[in-house]
Amino acid sequence: MSLDLTGDLVVLFRAVVDVESVSGNEGPLADLVEEALGAVPHLRVERDGDTVIARTHTGQAGRVVIAGHLDTVPVAANLPSRLDGERVYGRGTADMKGGVAVALACAAALSSPRRDITWIFYDHEEVEAELNSLTRIAAEHPDWLAGDFAVLMEPTGAVVEGGCQGTLRCQVTTRGVAAHSARSWLGHNAIHEAAEVLERLAAYRPREVEVGGLTYREGLNAVAISGGIAGNVVPDECVVTVNFRFAPDRDEADATAHCRNVFEGFEVVFVDFAPGARPGLDLPIAQEFVAAVGGVPRAKFGWTDVARFSTLGVPAVNFGPADPGKAHADDEFCPIADLFTCRDALLRWLA
Ligand SMILES: [Zn+2]
(Lines give C-alpha, C1' and ligand atoms only; values in the text may rest on other atoms or scores of the structure.)
Protein backbone atom coordinates (compact mmCIF):
# COMPACT_ATOMS: atom_id res chain seq x y z
CA MET A 1 0.00 0.00 0.00
CA SER A 2 1.10 3.58 -0.60
CA LEU A 3 -0.41 7.06 -0.14
CA ASP A 4 -1.48 8.93 -3.28
CA LEU A 5 -0.85 12.59 -2.43
CA THR A 6 -2.15 13.98 -5.71
CA GLY A 7 -5.41 12.06 -6.01
CA ASP A 8 -8.76 12.44 -4.24
CA LEU A 9 -8.37 14.16 -0.85
CA VAL A 10 -11.06 12.09 0.86
CA VAL A 11 -9.45 8.86 -0.33
CA LEU A 12 -6.08 10.06 1.01
CA PHE A 13 -7.70 11.09 4.32
CA ARG A 14 -9.37 7.72 4.82
CA ALA A 15 -6.13 5.90 3.93
CA VAL A 16 -4.29 7.90 6.63
CA VAL A 17 -7.07 7.20 9.15
CA ASP A 18 -7.18 3.49 8.37
CA VAL A 19 -3.51 2.95 9.23
CA GLU A 20 -3.89 2.61 13.02
CA SER A 21 -1.27 4.76 14.76
CA VAL A 22 -2.00 4.88 18.47
CA SER A 23 0.90 6.61 20.29
CA GLY A 24 3.90 4.26 20.20
CA ASN A 25 2.73 2.60 16.99
CA GLU A 26 3.30 5.43 14.50
CA GLY A 27 5.94 3.44 12.57
CA PRO A 28 3.81 1.99 9.75
CA LEU A 29 2.13 5.36 9.06
CA ALA A 30 5.45 7.23 9.31
CA ASP A 31 6.89 4.75 6.75
CA LEU A 32 4.06 5.55 4.31
CA VAL A 33 4.44 9.29 4.85
CA GLU A 34 8.22 9.14 4.38
CA GLU A 35 7.84 7.06 1.23
CA ALA A 36 5.18 9.32 -0.30
CA LEU A 37 7.02 12.58 0.47
CA GLY A 38 10.34 11.05 -0.61
CA ALA A 39 8.89 10.66 -4.10
CA VAL A 40 8.06 14.39 -4.35
CA PRO A 41 10.93 16.03 -6.28
CA HIS A 42 10.75 19.48 -4.64
CA LEU A 43 11.02 18.17 -1.05
CA ARG A 44 14.06 17.19 1.01
CA VAL A 45 12.95 14.56 3.52
CA GLU A 46 14.48 13.64 6.90
CA ARG A 47 13.39 10.97 9.35
CA ASP A 48 14.07 10.93 13.06
CA GLY A 49 12.39 8.08 14.94
CA ASP A 50 8.82 8.16 13.66
CA THR A 51 8.93 11.83 12.78
CA VAL A 52 9.15 12.82 9.12
CA ILE A 53 10.23 16.31 8.11
CA ALA A 54 10.04 17.54 4.51
CA ARG A 55 11.42 20.91 3.46
CA THR A 56 11.43 23.05 0.36
CA HIS A 57 14.56 25.02 -0.46
CA THR A 58 13.37 27.60 -2.95
CA GLY A 59 15.34 30.48 -1.38
CA GLN A 60 12.15 32.53 -0.85
CA ALA A 61 12.13 35.07 1.98
CA GLY A 62 10.63 33.61 5.12
CA ARG A 63 10.00 30.03 6.13
CA VAL A 64 6.75 28.70 7.51
CA VAL A 65 6.40 25.51 9.51
CA ILE A 66 3.27 23.41 9.11
CA ALA A 67 2.99 20.57 11.60
CA GLY A 68 0.72 17.73 12.61
CA HIS A 69 1.03 14.70 14.83
CA LEU A 70 0.60 11.20 13.41
CA ASP A 71 -0.54 9.50 16.61
CA THR A 72 -4.01 9.07 18.05
CA VAL A 73 -5.47 8.05 21.38
CA PRO A 74 -6.45 4.33 21.64
CA VAL A 75 -9.02 2.95 19.22
CA ALA A 76 -12.57 2.49 20.59
CA ALA A 77 -13.96 0.05 18.01
CA ASN A 78 -13.99 3.06 15.64
CA LEU A 79 -11.66 1.84 12.90
CA PRO A 80 -11.69 1.40 9.94
CA SER A 81 -13.19 4.73 8.96
CA ARG A 82 -16.82 5.02 7.95
CA LEU A 83 -18.28 7.47 5.45
CA ASP A 84 -21.70 8.76 6.50
CA GLY A 85 -23.12 11.49 4.30
CA GLU A 86 -20.81 14.49 4.48
CA ARG A 87 -18.73 13.15 7.37
CA VAL A 88 -15.99 10.59 7.88
CA TYR A 89 -16.11 8.82 11.26
CA GLY A 90 -13.27 6.98 12.98
CA ARG A 91 -10.39 7.28 15.44
CA GLY A 92 -8.14 10.16 14.44
CA THR A 93 -10.63 11.74 12.03
CA ALA A 94 -10.88 14.85 14.27
CA ASP A 95 -7.56 14.67 16.13
CA MET A 96 -5.85 15.08 13.76
CA LYS A 97 -5.53 13.03 10.62
CA GLY A 98 -7.59 15.52 8.64
CA GLY A 99 -4.82 18.05 9.23
CA VAL A 100 -2.23 15.43 8.31
CA ALA A 101 -3.99 14.55 5.05
CA VAL A 102 -4.40 18.21 4.10
CA ALA A 103 -0.72 18.88 4.86
CA LEU A 104 0.36 15.87 2.79
CA ALA A 105 -1.74 16.95 -0.18
CA CYS A 106 -0.45 20.53 0.03
CA ALA A 107 3.16 19.39 0.48
CA ALA A 108 2.91 17.60 -2.86
CA ALA A 109 0.94 20.36 -4.61
CA LEU A 110 3.06 23.36 -3.56
CA SER A 111 6.07 22.83 -5.81
CA SER A 112 7.10 26.50 -5.90
CA PRO A 113 5.56 28.13 -2.81
CA ARG A 114 5.76 31.86 -2.01
CA ARG A 115 7.57 31.01 1.23
CA ASP A 116 9.84 28.13 2.00
CA ILE A 117 7.92 25.48 3.92
CA THR A 118 8.88 22.90 6.55
CA TRP A 119 6.30 20.12 6.81
CA ILE A 120 6.48 18.17 10.09
CA PHE A 121 4.68 14.89 10.79
CA TYR A 122 5.54 13.88 14.35
CA ASP A 123 4.94 11.15 16.91
CA HIS A 124 3.91 10.85 20.57
CA GLU A 125 1.81 14.01 20.92
CA GLU A 126 -1.03 12.33 22.82
CA VAL A 127 1.20 11.21 25.71
CA GLU A 128 3.54 12.80 28.28
CA ALA A 129 5.50 15.79 27.01
CA GLU A 130 8.89 14.11 27.49
CA LEU A 131 7.93 11.42 24.94
CA ASN A 132 6.76 14.01 22.37
CA SER A 133 9.24 13.82 19.50
CA LEU A 134 9.30 17.62 19.23
CA THR A 135 11.00 17.68 22.65
CA ARG A 136 13.83 15.55 21.26
CA ILE A 137 14.05 17.38 17.94
CA ALA A 138 14.09 20.81 19.63
CA ALA A 139 17.10 19.60 21.62
CA GLU A 140 18.94 17.72 18.86
CA HIS A 141 18.00 19.51 15.62
CA PRO A 142 16.54 22.90 16.56
CA ASP A 143 17.21 24.06 12.97
CA TRP A 144 14.57 21.58 11.74
CA LEU A 145 11.92 23.53 13.64
CA ALA A 146 13.19 26.97 12.67
CA GLY A 147 10.81 29.34 10.89
CA ASP A 148 9.13 32.74 10.90
CA PHE A 149 5.65 31.41 11.58
CA ALA A 150 4.12 28.01 12.38
CA VAL A 151 0.70 26.47 11.82
CA LEU A 152 -0.33 23.49 13.93
CA MET A 153 -3.06 21.66 12.04
CA GLU A 154 -4.91 20.57 15.19
CA PRO A 155 -8.72 20.61 14.86
CA THR A 156 -10.22 24.11 15.08
CA GLY A 157 -13.26 23.76 12.82
CA ALA A 158 -11.21 25.44 10.07
CA VAL A 159 -10.97 28.70 12.06
CA VAL A 160 -7.69 30.30 13.10
CA GLU A 161 -7.09 29.85 16.83
CA GLY A 162 -4.19 31.99 18.00
CA GLY A 163 -1.59 31.21 20.63
CA CYS A 164 -2.56 29.24 23.71
CA GLN A 165 -3.03 29.65 27.43
CA GLY A 166 -0.28 28.72 29.85
CA THR A 167 -0.88 26.44 32.79
CA LEU A 168 0.64 25.91 36.22
CA ARG A 169 -0.22 23.98 39.34
CA CYS A 170 0.67 24.98 42.87
CA GLN A 171 0.03 23.57 46.31
CA VAL A 172 -1.17 25.89 49.03
CA THR A 173 -0.48 24.39 52.44
CA THR A 174 -2.01 25.36 55.76
CA ARG A 175 -0.45 24.23 59.05
CA GLY A 176 -1.94 23.54 62.45
CA VAL A 177 -1.17 21.58 65.59
CA ALA A 178 -2.27 17.96 65.92
CA ALA A 179 -4.32 16.96 68.95
CA HIS A 180 -6.88 14.37 70.04
CA SER A 181 -10.23 15.59 68.74
CA ALA A 182 -11.72 15.01 72.21
CA ARG A 183 -9.44 17.81 73.46
CA SER A 184 -9.35 19.86 70.28
CA TRP A 185 -8.63 23.09 72.17
CA LEU A 186 -5.12 21.75 72.66
CA GLY A 187 -4.57 21.75 68.89
CA HIS A 188 -5.16 23.95 65.86
CA ASN A 189 -7.11 22.67 62.85
CA ALA A 190 -5.28 22.98 59.50
CA ILE A 191 -8.41 22.06 57.48
CA HIS A 192 -10.37 24.93 59.07
CA GLU A 193 -7.43 27.16 58.18
CA ALA A 194 -7.90 26.15 54.51
CA ALA A 195 -11.32 27.82 54.49
CA GLU A 196 -9.57 31.13 53.92
CA VAL A 197 -7.78 29.66 50.86
CA LEU A 198 -11.11 28.46 49.43
CA GLU A 199 -12.76 31.81 50.17
CA ARG A 200 -10.08 33.62 48.22
CA LEU A 201 -10.60 31.21 45.30
CA ALA A 202 -14.38 31.58 45.40
CA ALA A 203 -14.07 35.37 45.43
CA TYR A 204 -11.43 35.44 42.70
CA ARG A 205 -12.44 37.31 39.56
CA PRO A 206 -10.46 35.95 36.62
CA ARG A 207 -8.98 38.41 34.21
CA GLU A 208 -10.10 38.73 30.60
CA VAL A 209 -7.31 40.27 28.65
CA GLU A 210 -6.58 41.09 25.05
CA VAL A 211 -3.26 39.81 23.77
CA GLY A 212 -2.32 40.38 20.16
CA GLY A 213 -5.93 41.21 19.27
CA LEU A 214 -7.48 38.08 20.84
CA THR A 215 -9.33 37.85 24.14
CA TYR A 216 -8.03 35.29 26.61
CA ARG A 217 -9.96 34.34 29.71
CA GLU A 218 -8.05 33.12 32.73
CA GLY A 219 -9.06 30.68 35.47
CA LEU A 220 -7.82 29.91 38.97
CA ASN A 221 -9.31 26.77 40.45
CA ALA A 222 -8.81 24.33 43.28
CA VAL A 223 -8.47 20.94 41.61
CA ALA A 224 -7.69 18.79 44.68
CA ILE A 225 -7.65 19.04 48.47
CA SER A 226 -6.16 16.72 51.05
CA GLY A 227 -5.73 16.72 54.82
CA GLY A 228 -6.43 14.63 57.88
CA ILE A 229 -4.92 11.37 59.11
CA ALA A 230 -7.61 9.77 61.27
CA GLY A 231 -11.19 10.18 62.45
CA ASN A 232 -10.14 11.33 65.93
CA VAL A 233 -7.18 13.60 65.20
CA VAL A 234 -7.22 17.35 64.67
CA PRO A 235 -5.23 17.63 61.41
CA ASP A 236 -1.98 19.59 61.41
CA GLU A 237 -1.73 19.94 57.62
CA CYS A 238 -4.05 20.59 54.67
CA VAL A 239 -2.98 20.96 51.03
CA VAL A 240 -5.11 22.66 48.37
CA THR A 241 -3.87 22.01 44.82
CA VAL A 242 -4.62 24.91 42.51
CA ASN A 243 -4.51 25.07 38.70
CA PHE A 244 -3.94 28.47 37.12
CA ARG A 245 -4.72 28.82 33.39
CA PHE A 246 -3.31 32.12 32.32
CA ALA A 247 -3.20 34.37 29.28
CA PRO A 248 0.00 34.42 27.21
CA ASP A 249 0.96 37.94 28.29
CA ARG A 250 2.21 36.38 31.54
CA ASP A 251 5.56 34.63 31.77
CA GLU A 252 6.55 32.19 34.49
CA ALA A 253 7.73 34.92 36.88
CA ASP A 254 4.52 36.88 36.47
CA ALA A 255 2.19 33.87 36.72
CA THR A 256 3.88 32.55 39.87
CA ALA A 257 4.01 36.02 41.43
CA HIS A 258 0.27 36.36 40.80
CA CYS A 259 -0.43 33.12 42.67
CA ARG A 260 1.83 34.13 45.57
CA ASN A 261 -0.06 37.38 45.74
CA VAL A 262 -3.50 35.71 45.78
CA PHE A 263 -2.37 33.32 48.52
CA GLU A 264 -0.33 35.82 50.48
CA GLY A 265 0.30 34.63 54.01
CA PHE A 266 0.17 30.96 52.97
CA GLU A 267 2.88 28.52 52.01
CA VAL A 268 2.83 28.11 48.18
CA VAL A 269 4.87 25.50 46.28
CA PHE A 270 4.81 25.32 42.46
CA VAL A 271 4.68 21.78 41.08
CA ASP A 272 4.53 22.26 37.33
CA PHE A 273 4.48 24.92 34.66
CA ALA A 274 3.94 25.12 30.89
CA PRO A 275 4.19 28.51 29.19
CA GLY A 276 1.47 30.09 27.09
CA ALA A 277 2.02 31.31 23.54
CA ARG A 278 1.30 34.74 22.13
CA PRO A 279 -0.76 34.60 18.95
CA GLY A 280 1.72 36.72 17.02
CA LEU A 281 -1.14 37.79 14.71
CA ASP A 282 0.27 41.32 14.51
CA LEU A 283 3.21 40.02 12.46
CA PRO A 284 2.93 40.68 8.71
CA ILE A 285 3.47 37.00 7.86
CA ALA A 286 0.63 36.04 10.23
CA GLN A 287 -1.68 38.72 8.84
CA GLU A 288 -0.99 37.40 5.37
CA PHE A 289 -2.04 33.97 6.63
CA VAL A 290 -5.24 35.24 8.28
CA ALA A 291 -6.18 37.24 5.19
CA ALA A 292 -5.72 34.19 2.96
CA VAL A 293 -7.62 31.88 5.30
CA GLY A 294 -10.46 34.31 6.05
CA GLY A 295 -12.76 34.28 9.08
CA VAL A 296 -12.23 35.90 12.47
CA PRO A 297 -9.41 34.41 14.56
CA ARG A 298 -10.21 33.43 18.14
CA ALA A 299 -8.08 32.62 21.18
CA LYS A 300 -7.06 29.03 21.91
CA PHE A 301 -8.26 27.73 25.26
CA GLY A 302 -6.05 24.87 26.30
CA TRP A 303 -2.40 24.04 25.83
CA THR A 304 -1.00 22.88 22.47
CA ASP A 305 2.37 22.50 20.79
CA VAL A 306 2.12 26.10 19.55
CA ALA A 307 3.67 26.97 22.93
CA ARG A 308 6.69 24.87 22.04
CA PHE A 309 7.23 26.86 18.83
CA SER A 310 6.64 30.09 20.69
CA THR A 311 9.37 29.10 23.18
CA LEU A 312 11.69 28.57 20.21
CA GLY A 313 10.85 32.07 19.01
CA VAL A 314 8.41 30.96 16.27
CA PRO A 315 4.93 32.51 16.58
CA ALA A 316 2.32 29.84 15.95
CA VAL A 317 -1.41 29.34 15.44
CA ASN A 318 -3.77 26.38 15.35
CA PHE A 319 -5.74 25.82 12.16
CA GLY A 320 -7.20 22.52 11.01
CA PRO A 321 -10.29 20.57 9.99
CA ALA A 322 -12.88 19.13 12.42
CA ASP A 323 -14.48 20.26 15.66
CA PRO A 324 -11.99 20.19 18.56
CA GLY A 325 -14.89 19.12 20.80
CA LYS A 326 -14.94 15.79 18.93
CA ALA A 327 -11.26 15.05 19.58
CA HIS A 328 -10.85 11.74 21.48
CA ALA A 329 -14.61 11.06 21.37
CA ASP A 330 -15.83 7.59 20.40
CA ASP A 331 -17.97 9.18 17.68
CA GLU A 332 -15.03 11.30 16.44
CA PHE A 333 -15.63 12.58 12.91
CA CYS A 334 -14.46 15.13 10.36
CA PRO A 335 -16.79 17.02 8.04
CA ILE A 336 -15.50 16.51 4.50
CA ALA A 337 -16.05 20.20 3.73
CA ASP A 338 -13.48 21.14 6.42
CA LEU A 339 -10.78 19.19 4.56
CA PHE A 340 -11.32 21.21 1.40
CA THR A 341 -11.67 24.51 3.29
CA CYS A 342 -8.30 23.98 4.98
CA ARG A 343 -6.59 22.70 1.85
CA ASP A 344 -7.81 25.59 -0.28
CA ALA A 345 -6.80 28.09 2.42
CA LEU A 346 -3.23 26.80 2.57
CA LEU A 347 -2.98 26.77 -1.22
CA ARG A 348 -4.31 30.36 -1.40
CA TRP A 349 -1.78 31.44 1.19
CA LEU A 350 1.30 29.74 -0.17
CA ALA A 351 0.82 29.07 -3.89
ZN1 LIG B 1 -4.06 16.60 18.56
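1. E154 is buried, with a relative accessible area of 8%, where buried stands for under 20% relative accessible area, exposed for over 50% and partly exposed for what lies in between (1.4 Å probe, protein chains only). This is a predicted model, in which local features need pLDDT of at least 70 and side-chain atom pairs count only at pLDDT 80 or more, while totals for chains, interfaces and linings use all residues. Residues are numbered from 1 along each chain as its sequence is written, and side-chain values use heavy atoms, with hydrogens and water left out.

2. The zinc ion is coordinated by E154 (OE), together with H69 (NE2) and D95 (OD), at 2.0 to 2.2 Å; donors are N, O and S atoms within 2.8 Å of the metal (3.2 Å for Na, K and Ca), and as water is not among the atoms, sites may look incomplete. H69 lies in strand β3 (residues 63–69) and E154 in the loop between β7 (149–152) and β8 (161–162), so the pair ties together parts that are 85 residues apart in sequence. Strands (E, at least two residues) and helices (H or I, at least four) are DSSP runs, numbered from the N terminus. H69 is likewise buried, with a relative accessible area of 0%.

3. An open sheet of 4 strands has the order β13-β15-β9-β16, with antiparallel pairing, two strands being paired if DSSP finds at least two bridges between them. At its edges stand β13 (219–227) and β16 (267–274), each with a single partner strand, so one side of each is left without a neighbour in the sheet.

4. Strand β9 (residues 166–175) is joined by 10 bridges to the antiparallel strand β15 (residues 237–246), and Q171 stands opposite T241 in β15.
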